Structure formats: C-alpha cells, structure tokens
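This report looks at one helix, the nonpolar cores and a group of salt bridges. The sequence and the structure come first, and the reading follows.

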Amino acid sequence: MMNNPNNSPEANSGSVTENASQQRKSLSVPLLSRLGVRQKATLFAVAIGTLPLIAIGATAYHFANQSITKQITQVETEEAVSVAEKLNNFIFERYGDVQVLSNLPILINPKVRAVTTAEEKNTVLTKAVETYRVYDSIAAFDLKGNVLVQSKGKALDNHSDRAYFQQVIKTGQPVISEVSTSKSTGEKVIHFAAPIKERGTGQIIGVIRSRLPMKSLAAIIINSNAGQEELHIVDRSGKFIIATEENQVGRDATSDFPSLAQLKTAGKPDATLSIDKIDNAEQLIAYAPFQKLEGMPQLKWDSVVAIDTAIAFAPQRQLLITLALGTLLAALAVSAIAAYVANLATRPILESTAAVKKLGRGEFDTRIAVQGADEISELGSNINLMADQIQTLLTEQEQAATREIATQTQIAEEQKQRNEQLQQELFKLLTDVEGASQGNLTVRAEITAGEIGIVADFFNSIVESLRELVTQVQESATQVNSSVGENESAIRLLTDEALKQATQITQTVDSVEQMTRSIQQVADNAKTTAEVARTASEVAQSGGETMDRTVESILQLRETVSETAKKVKRLGEASQQISKVISLINEIALKTNLLAVNASIEAARAGEEGRGFAVVAEEVGQLAAQSAAATKEIEQIVETIQLETTEVVQAMELGTTQVVAGTRLVEETKHSLTKIVKVSAKIDQLVASISNATVSQAQTSQSVTQLMAEIAQISERTSGSSRQVSHALQKTVEITKKLQESVGTFKVA
C-alpha cells in the first residue's frame, strides 16, 4: 500500500478532531468493545477452543471418577459376599460331616459294635480326622458324658458340662457351638455335635462331636486372599473371631470401624468409608451378612473386608493426573491454532479498515493490496475503486478551480465552499461506514445528491452482498454443527452400550470358567470313588472264593466223620485248618467293615450326589458285620469239635449233625458274600456313569467358555469402532465451531 506524506491542513485538522472524538468514545464503552477485531477474534477463538476442552475434561473426570468409585465399591462388596459364602458353605459341610459320623455302623449298629474292638473304633475316627484334614479331634460320648471312642490324641475327660453336649441331649438335633476356648487344648475352637441314635429303636445312646480349631478356619479364609484386603469375620456378639491382623481378634468390630454399625443396621451387602481405630487410617470397608442355608441353623456372623483408600482409589488419582495433562496440552494446542487462524482471518479486514481510515484522513492515494477472489478481496477492490473515483473527482475539481481562480474570484470562492461541503459529505460518509471496519455489516451510508451519494449507494450494495454471504455461512455452520451433534450423541450411546455389553460378557465368561472348574473337580472325585468301589468288589470276590474253599473243607470233614472213628486224628488236623480259614474270613469281614466306613465318609464329602452311595455303603457294613458274627459261630463250633475229638466214636451221630449245621452256615455266608459282590458291581457301574456324565459336562462348559470369550472380543471391537466414529464427529464439530467463530465477528442484523 502507498501512503501520501503530504497531507492538507484540512486533513490534519480532521484527523485531530477524529482522534479526540475516538478518545472520548473509548472512555464511555466497556473494555471488550475497545479491543480491536484481531484481539477479539483471538480472544474468542481461544476461549471457544479451550473452554469446551476444560469442560469436557472435568465432565469426563467426574463421570469416570463416579464409575471407578462404584466399580471399586462393588468389587470389595463382592469380595465380602464371597468370603461369607465360602465360610458359610464350609461350615455347612462340617455340619454334614458330624451327621454322617453319627450314623457310622460302629456306633449305631449293636452287632457291629459287638464285633468291633475299641482299638478298631478309634482307628475309624482317626482315619476320619486324617481324611477331612480340618479337625484336631473327633470323639463319641455316652449319655453321661464319658468317652466311648475317640480319635488319636490326648485322652478326653467327661464332657457332660459342655453347653453343646447338653443342647444335643435336650433337643436331639445336631448343634454348632459358638466360638469358645477348648478346656482340653486351651485354643479357640468350634464344636459340631450330633446325637447317636441306635438303629431300630431310634433312641439316643450318646453324642458325637468334632472339634475345629479356629486357627485352621482362619488359615483357610486368609490364605485364599490374594489381594491387599484385610479380611474379618464378626460373630453374633459383634467381636472379631477371624482377622488378618491377629491383634484385632476379640476386639469389638464397631469400635474399630465406626461406620460398620450403619451397614449392619441396613442388613444387606454394601460398602462405605471408615477410620480404622488401630491404624488411624481411612479405609474402604465392605460388609456382607451370612445367609441362612437350608438344613443348617442360622450363623449370625458377618464378613467384613477392609482396604486402605490410598490403595483402593489409586486409579482415581492416576486418572486425574492423566486427564489434567491431556486437557492442558490440548488447550495449549487449540489456543495456538485459534490464535493463528484468527490472525490469518482478520488480517484482510484490518488492512481494509486501515485503508478506509487513511482515506478518511484525506490520504486518497492509499490502496489495498488485493489477493484472491473471495468476498473480502472484492471489498478491497471496491474500496480501491472508491478511492480512485474520489481521487479523480478531487483532482478534476482542483484543476477546474485552478483554471477559474485567476479570472473569477467569486467563482473560486463558491468552488471553495463547494469543496468544503464535499469534504464534509465525504467525512460523513466515512463516519457512517466506520462500523463496517469493525465487522458491523448492518451500517448503511446516507445517500445524498451528487458524487458522494453515488459512492454511498455503491458502498451500501457492497455491504449488503457481504452481509448476505456471512448470513449464509453462519446458517450452514449452525446446521452442520446441529446434525453432527445429533450423530455424536447416538454414537456415544452406542459406544456406552457396547462397553456395557463387553463388561457383562466378561463377567459371564468368569462365571462359566468357575462352573467348569467345579465340574472338573466333581469328575476327579467320581474317578476316585470308582477306584474305591472296584477295590471293594475285588475284595468281596476274593471272600467268595475263600468261602468256596471253606465249603469244600467242611464237606471233606463230613465224609471223614461218616467213614470211621479211626480218622479222628485227621479230623483234628482238618479242624485246625478250618480255624485258620475262619480267622482269614473274620479278618476279611473286618476289612470290609472298614471299607464301608471309609465309603460312607467319602459319600458324605460328595454331598447330595453321594447320599445313595452312603446307603449302599451302610448296607455293605451290615453284611460284613453279619459275616463276622457267622464266622465267630463257626469258630466256636470248630473249637467244640477239637475238644471232643476223643469222644467222636461215641458221638458220631452228634458230630455228623454239627457238621451238617456248619455246612449250612457256610452256605449262608457264601450267599451273603455273593450279594456283597453284586452290590459292589452295581456301585462300580453307578460311579462310572457319574464320572462319564461329569466329564461330558466339563467339555460342554469349556466350549461355552470359548464361545463367550469370542463374543466378548467382538463386543470390544464394536466399542472401539464406535469410539473412532465419535472422535471423528467431535473433530467435525470443532471445525464448524471455528467457522462459526470466524463469521461470528460480523454483525448482520
């Protein structure tokens, strides 16, 4: 652009007047109105670019913070519920154990009790302690509290003064005692007790109890915790009976965790913040009451899981730092881009404004450097054209005045007045259009008669065209922004639903995997039970073969007795062989009885599915007891034969009768063993069927797990695609907002 250094006195006077007027106006308008177009555009661009980012960052942190807090609280509550369910089920199993032990044949069957020695009974209970691995003592007492039989360990004294003993005698029902200090060991224990009822009469003849040390129970719960939580179990009196920190055991729970009272009043699983009075640290505590299980008395215990808030809510602090840094960097980048775009967009307008001001000061040789072919360039061209016309007009007027000044002084004076009037009209025109330089496209120049009126009319046409163009740009940007905003909401909703679906599918996969592990464990137990059943069948078959040999020996004895009295010596030898065989049969019957007891214990551990197996095992034990009784009778008969061999000749007929009776008894024993073999074979088939079914279920569960995992992956990919579309729409919204900001500086109405 070119500037004229030689200004007329009239122009200088007008410039001084204009500056003074502007100074007076600047004192009466707000600060924002006194800023230039470039400063306003930059300020608004930076504000519009950064404020949404800050608002979005704050909103994102708010909702993410709420989501993380809710998730952490839910996880800790589920942990408390899991601990309560695990311990509740464990106590339920022990409650079932004592009922199984109370039905052992060596306790309730008079015949089995009679043929089983005290040492053998003690061995059975010791075997039960070793099998369950959680008790330190199992013992049975008579109605006066004296020990009938006990597992290996220190001899027990009279238990008639124990509360659980008296409660069983009074109610005739199984009992779970409160946590107490054992008088025998001095340790904290729980007792499980049940009445012993004689078979046939149902009369209570004693009490059996199992003793569970609390340290074993605490080890099972605490050792299963792989996280950083502190686990606690609270009894009905409100005191800790199990705690990760041993110094908390025996303390009042609500004293250590004041907020726990509110959770217990609600009576449902929940979590809240509390101060641990021992460590004086803020912790998140989760509470879950023990639920009542059908078939077991209500355990009024509570599960409490505590974790330091510094550990539990560490992801929140990391999220805040990440969002703050990301928002700050994004705001800086957007501010820089906004400032650059605002400077670039306002530069032509500022140049046009400066040129118009110079024209208003009388610098009519001022021109605008026009670049491009847009509306602002057209405005610059029109201003240049207007300046050319004004300059040409003034030049022609000055030349005419010079030619006439020498000859017509009066005409010169009139011309001077006309020039002054023209200058005033021009100044008024520049004053009217001054608002256009600040973006106000609603201003209009007053159309008067003469050349300045033509210029004003031309200027009004230019401003009207520019106003229509800016209006169209604003409406288009608003429509684009509105449409993209609607699509953005739909995409964001689709993303949230996809994320929610992926989370639910992941939880389902975890549940199916847990079910698969449980089914696999049942299959392993079924295989073990099948092996035990096959062993029992083989032993029974061996007993049958032995009985066959016994029958043959007795028949030979019968023939020998009927022949002659000369073979009395051979008869004595045969009777000695019979005694050995009878001892073997007696030993086999005892082992069969022990196998039946072990089978009953394994059936109890199998739960509901093993109840039928327990009944069969009990019948096997009864048959073994009958076999033992029969062999004892045979043994007595043989002893009688040995004592009276010297009188065989005189009592041949009586001896023959006794041999026939012995033969009959052996046949009955053989028949009983045949039944045992058939029952064992049936047990083997049932257990094999159970094993095959559980293996099939385990394979099906694995297939379901794989399918759910594939569905979860598809949901995650869908969520990722939705987020990409949402980000693209957000960028489109930002671009349209910048466009609205650029044209927002123009006033069109």
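## Terms and basis

A salt bridge is counted here when a side-chain nitrogen of Lys or Arg lies within 4 Å of a carboxyl oxygen of Asp or Glu. The model is predicted, so local features need pLDDT of at least 70 and side-chain atom pairs count only at pLDDT 80 or more, whereas totals for chains, interfaces and linings use all residues. Residues are numbered from 1 along each chain as its sequence is written, and side-chain values use heavy atoms, with hydrogens and water left out.

## Salt bridges

By this rule the count comes to 11 salt bridges. One of them joins D157 to R162, with the closest N and O atoms 3.7 Å apart, and another brings the side chains of D161 and R162 together at 2.7 Å, N to O. R162 is buried, with a relative accessible area of 9%, while D157 at 47% and D161 at 42% count as partly exposed (buried means under 20% relative accessible area, exposed over 50%, partly exposed in between, with a 1.4 Å probe and protein chains only). Through shared partners, salt bridges join D157, D161, R162 and K183 into one network.

The side chains of R94 and E93 also meet in a salt bridge, at 3.6 Å from N to O; R94 is buried at 7% relative accessible area, and E93 is partly exposed at 43%.

## Helix α7

Helices (H or I, at least four residues) and strands (E, at least two) are DSSP runs, numbered from the N terminus. In helix α7, residues 163–171, the buried residues include Y164, F165 and V168. They cover an arc of only 105 degrees around the axis, which puts them on the same side of α7; the arc is that of the directions from the helix axis to the C-beta atoms.

The buried residues of α7 pack against β1 (137–142), β3 (175–176), β5 (188–197) and β6 (204–213), where contact means heavy atoms within 4.5 Å. The face turned away from this buried side carries the exposed residues A163 and K170. Just after α7, G172 takes a positive phi of about 70 degrees.

## Nonpolar cores

A nonpolar core is a set of buried Ala, Val, Leu, Ile, Met, Phe, Trp, Tyr and Cys residues joined through side-chain atoms within 4.5 Å. The largest has 57 residues, and those with the most contacts inside it are L107, I208 and L217. Helix α3 (residues 37–101) gives the most to this core, with 11 residues.
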